[in-house]
Amino acid sequence: MEPEAAAPEAKREGPCPVASVLGNDNLLAEILLRLDSPVWLVRAALVSTRWLRRASDPVVLRHFRARRPPRILALSLSRNRRIQVPRPPELAAAARRALATLDRSDVRDCRNGLLLIEVDDGDPATYNTYAVRRLLHPARDRDIPLPPDSISGSLVRGEAGRCHCRFLRLLEVEDNDNGDDTSCVCFDLAYNSVELCVEFSVLRSGVWGTQHCPVTELRQDLMDTIGAQKLLVGSKFYMMTTLGYILGLDLATASFFTIQLPDEVRNSRTLKFSGGQQSGLYLVDANGFQLRVWHGDGVGQWVLVDTISVREACGHLNVRKWEADNRHSAPIEIVLVADNAEFVIFDIVASEIVCSMQLGNRVVEKVAKGGLLHNDFLRPITMVWPPIFPVLDKATQEQ
């Protein structure tokens, strides 16, 4: 007699594998950190209240930004010229909205969705007007009252070869419902190859403050001063010189100071710098086909924090020509370094390819053709950070 067949075992009920993964906050955070952009992070937050809390957690957002800094939506140049950077559909729509917001004006500063624009009134005898535009809150756009007239003309000795320029920068950004607390500073620079006067006045709550006119000695070529990179970080103004140092101006004390450059980059013609989110400055220069990233404490101590091979990072772009015909030209030209050195824009000169590289993960994208971006008015318009998540009502927050 054949043995009786054993009855099949009952199917064991157990936890769903998917629920086990997505129910673990640590694993959920790791999944969210692998999303491609903040747009998908916001969409993931719509799944449930729990996902929303995890996606908007400050720790998750800090790690997300370290892996994927806010992407460039468009590049603004002088004379109302714009370049929309190729992007996926969800980012391309945001870029079109950003460009439509700018109308026929020039962007002079851009801070996380807040744009300081200059509007040309067509009269060369008068200063242009300025306004603040908010990419996400156009109803809160506002004009800026005209800065006070410059009085620095008599403070710089000698008229021969003298230059004068005016520009505004955003000083502080406090985004609130009133939209009235955005501060900016107006600079008037006068220079005669011997002395530099930096006259400045700060706008707060719609009123321009007292004018300050500190003067310092600066003996360099007039054109080098006009074309020098100028940067405002917190309450300090910086200008690159050809004399082996960065000239700084503390707005709080209206006094000048200098920051010596590292010996390795003192004679670099490709050097650009940016401010750090916490403190200090970043420098990026191109040594042949290698990018060198430096971080300084703001008083002259520098540390080389990274070196990157451009040829390796751009391998997927199929660059046809690397060496310039003019052997005296640097093969890589640094165009711009973002705050905290999150990304750098550079030009592969021989092929006239302008690229953006996220320095944290070394992702490189082609953003434009060469010859378009070599001016002091280039401003990248980036995605707003942190992402704007849905707001929970009080009852849901207490659950």
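Q: Contact means heavy atoms within 4.5 Å. Leaving aside neighbours within four places in sequence, which residues is Q358 in contact with?
A: With those neighbours set aside, Q358 is in contact with R67, R68, P69, R71, E342, F343 and V363. Please keep in mind that this is a predicted model, in which local features need pLDDT of at least 70 and side-chain atom pairs count only at pLDDT 80 or more, while totals for chains, interfaces and linings use all residues. Residues are numbered from 1 along each chain as its sequence is written, and side-chain values use heavy atoms, with hydrogens and water left out.

Q: Why does Q358 count as buried?
A: Buried means under 20% relative accessible area, exposed over 50%, and partly exposed in between, using a 1.4 Å probe and protein chains only. Q358 has 10% relative accessibility, so it counts as buried. Its place is in strand β22 (residues 353-358). Strands like this one are DSSP runs of E with at least two residues, helices are runs of H or I with at least four, and both are numbered from the N terminus.

Q: How many helices and strands are there in the protein?
A: The protein has 9 helices and 24 strands. Of its 399 residues, 46% count as buried.

Q: What makes L196 a buried residue?
A: The relative accessible area of L196 is 1%, so this residue falls on the buried side of the cut-off. L196 sits in strand β9 (residues 195-204).
A: Two strands pair if DSSP finds at least two bridges between them. Between β20 and strand β21 (residues 343-348) there are 5 bridges, in the antiparallel sense. E333 stands opposite D347 in β21, and the bridge partner of L336 is I345. The two strands form a hairpin with 5 residues between them, where N340 in the turn has a positive phi of about 60°.

Q: Why is strand β20 described as largely enclosed?
A: In strand β20 (residues 332-337), 5 of the 6 residues are buried, so the rest of the structure largely encloses this strand.

Q: Which sheet contains β20?
A: β20 belongs to an open sheet of 4 strands in the order β20-β21-β22-β23, with antiparallel pairing. Here β20 and β23 (363-369) are the edge strands, since each pairs on one side only.

Q: Which residues touch the most other members of the largest nonpolar core?
A: A nonpolar core is a set of buried Ala, Val, Leu, Ile, Met, Phe, Trp, Tyr and Cys residues joined through side-chain atoms within 4.5 Å. The largest one has 24 residues, and L291, I332, I334, V344, F346, I348 and M357 touch the most other members. Elements giving two or more residues to this core are β17 (281-287), β18 (290-296), α8 (310-313), β20, β21 and β22. Another core, of 21 residues, lies apart from it, with F187, L196, V198 and L232 among its members.

Q: Why is the pair of F289 and W322 given its name?
A: Rings of Phe, Tyr and Trp (its six-membered ring) pair if their centres lie within 6.5 Å; planes under 30 degrees apart count as stacked, over 60 as edge-to-face and the rest as tilted. By this rule there are 7 aromatic pairs. The ring centres of F289 and W322 are 5.6 Å apart and their planes stand at 85°, so this pair is edge-to-face. F289 is in the loop between β17 and β18, and W322 is in the loop between α8 and β20, 33 residues apart.

Q: Are F289 and W322 buried or exposed, and what are their values?
A: F289 has a relative accessible area of 18%, so it is buried. W322 comes to 12%, so it is buried too.

Q: Which residues do ring pairs link into a cluster?
A: Ring pairs link F167, F187, F200 and F237 into a cluster.

Q: Why is strand β3 called largely enclosed?
A: Of the 6 residues of strand β3 (residues 106-111), 5 are buried, so the strand is largely enclosed by the rest of the structure. β3 pairs with strand β4 (residues 114-119) in the antiparallel sense over 5 bridges, and V107 stands opposite I117 in β4. In the hairpin of these strands, with 2 residues between them, N112 takes a positive phi near 50°.
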